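Please walk me through this model in plain paragraphs.

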Amino acid sequence: MSPVWKIDQLADQTGRTFVVTGASSGLGTEITRRLAARGGRVIMAVRDTAKGHWVRDRLRADEVKADLAVHQLDLLDLDSVRRFADELHAEATAIDVLVNNAGIGTVPRRLSPQGVESQFATNHLGHFALTGLLLDRLAAGRDPAVVTVGSSLYRLGRLDLDDLAAERGYSPGGAYAASKLANVLFGLELDRRLRAAASPVRSLLAHPGMARTELDRNAPASARVMAAVLGVLFRRPIAEAVAPILYAATEAAAPTGLHIGPGRPLRPARPTFESLSRPASDHGLARRLWSRSAELTGVDPAPTSGA
Ligand SMILES: NC(=O)c1ccc[n+]([C@@H]2O[C@H](COP(=O)([O-])OP(=O)(O)OC[C@H]3O[C@@H](n4cnc5c(N)ncnc54)[C@H](OP(=O)(O)O)[C@@H]3O)[C@@H](O)[C@H]2O)c1
């Protein structure tokens, strides 16, 4: 049964630290604003620090006491992911919640410095490595959690783990759906591994439905026209679309093993529990994705027991 929960019920977050990737625009900025407004400390992990500082100053202007730190993180580049994690280790930062939110959508084919297609590399591989490198810091947190932002489009995703540079064919929308399938498979496999290790850290999956962000700014014109038309009817304002993500990040009772979405379109967003179907429910595919991701990143997230 889905909860009756609205954003204005967001509990006091004083004393808790959140890492939010992609905090410099769209959903990430709103997640940051809401958490900071309830007393949380937010580490804004952004690829462009000038933009990050500008957004931080704007948020501070609204919330005088907002405790916000801006750190550089380019998820497309695994060296940058390692540098970011090293910085947090050097500062001995205790982290309560990691929100794997950043993403790119429907972009032309491009490769990461490591030679992987950019949507898969940014949306999945960067977050896979980041999570693995921060799990030890999370294990000491209060109600620690990793929240990975998925999408209903996971259902359309097809993963070819032998062609991650997309040499055999590429479509911007197909690659986006595949990267979102990878997010969901990762979140579920991480949940299984954390529970098997009796780790205190939980892995949750949330998605915003369709939201009025600029995610498709680099999409082909035809896709943007289609999105704009659908958007008039179905896209929710950002301030509402973040509800399921904030719920997952702050409520200890939020369930793992499913997708927490915003509920039916054309209604106010409220966290709604959605079971996940194929291809997300394919455990074998999730394990193969995990091994391939560990191979490509050199990071194998290893949950430890909280005991
Ligand atoms: N909007 C929707 O309808 C929708 C639906 C389902 C799921 N989602 C998911 O929601 C999440 C947030 O997207 P959004 O809609 O808020 O889009 P957005 O406004 O475009 O925000 C995406 C954020 O990700 C950051 N980012 C992109 N590449 C990065 C990289 N290499 N390293 C670090 N950060 C990077 C961007 O940084 P800059 O500020 O520098 O651009 C931006 O802050 C994504 O995971 C997306 O897949 C969105």
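**Salt bridges, ligand shell and buried helix**

R168 counts as exposed because its relative accessibility is 61%, where exposed means over 50% relative accessible area, buried under 20% and partly exposed in between (1.4 Å probe, protein chains only). The model is predicted, so local features need pLDDT of at least 70 and side-chain atom pairs count only at pLDDT 80 or more, while totals for chains, interfaces and linings use all residues. Residues are numbered from 1 along each chain as its sequence is written, and side-chain values use heavy atoms, with hydrogens and water left out.

R168 forms a salt bridge with D160, the closest N and O atoms lying 2.8 Å apart; a salt bridge here is a side-chain nitrogen of Lys or Arg within 4 Å of a carboxyl oxygen of Asp or Glu. D160 has 32% relative accessibility and therefore counts as partly exposed. The whole structure holds 11 salt bridges.

A further pair is R192 and E189, whose side chains meet at 3.1 Å, N to O. These two residues are 3 apart in helix α5, so about one helical turn separates them. Helices are DSSP runs of H or I with at least four residues, numbered from the N terminus. An α-helix has 3.6 residues a turn, so residues three or four places apart point the same way. R192 is partly exposed because its relative accessible area is 23%, whereas E189, at 6%, is buried.

R236 and E240 form another salt bridge, with 3.8 Å between the closest N and O atoms. Here the arginine R236 is buried, at 6% relative accessibility, and E240 is partly exposed, at 28%. Salt bridges also link E30, R33 and R34 in a network.

The ligand comes next. Its shell is made of 29 residues, and the closest are S24, K51, N101, Y176 and T213; a residue is near the ligand if one of its heavy atoms lies within 4 Å of it. By class, the shell has 12 nonpolar, 11 polar and 6 charged residues. Ala, Val, Leu, Ile, Met, Phe, Trp, Tyr, Cys and Pro count as nonpolar, Asp, Glu, Lys and Arg as charged, and the others, Gly among them, as polar. Helices α1 and α5 (172-196) each supply at least two residues of this shell.

In one of them, an N or O atom in the side chain of D74 is 2.8 Å from a nitrogen atom of the ligand. L76 places a backbone N or O atom 3.5 Å from a ligand nitrogen, and a polar backbone atom of N101 is 2.7 Å from a ligand oxygen. On its own the ligand has 900 Å² of accessible area, of which the protein covers 95%; accessible areas come from the Shrake-Rupley method with a 1.4 Å probe.

L27 belongs to helix α1 (residues 26-37) and counts as buried because its relative accessibility is 11%. Beyond its neighbours within four places in sequence, L27 is in contact with N101, P208, A211, T213, I238, A241, V242 and I245, contact meaning heavy atoms within 4.5 Å.

I245, one of those partners of L27, is among the buried residues of α8. Helix α8 (residues 243-250) is mostly covered, with 8 of its 8 residues buried.

Note on methods: Polar contact = N/O pair within 3.5 Å; in protein donor to acceptor, adjacent residues only side chain to side chain.
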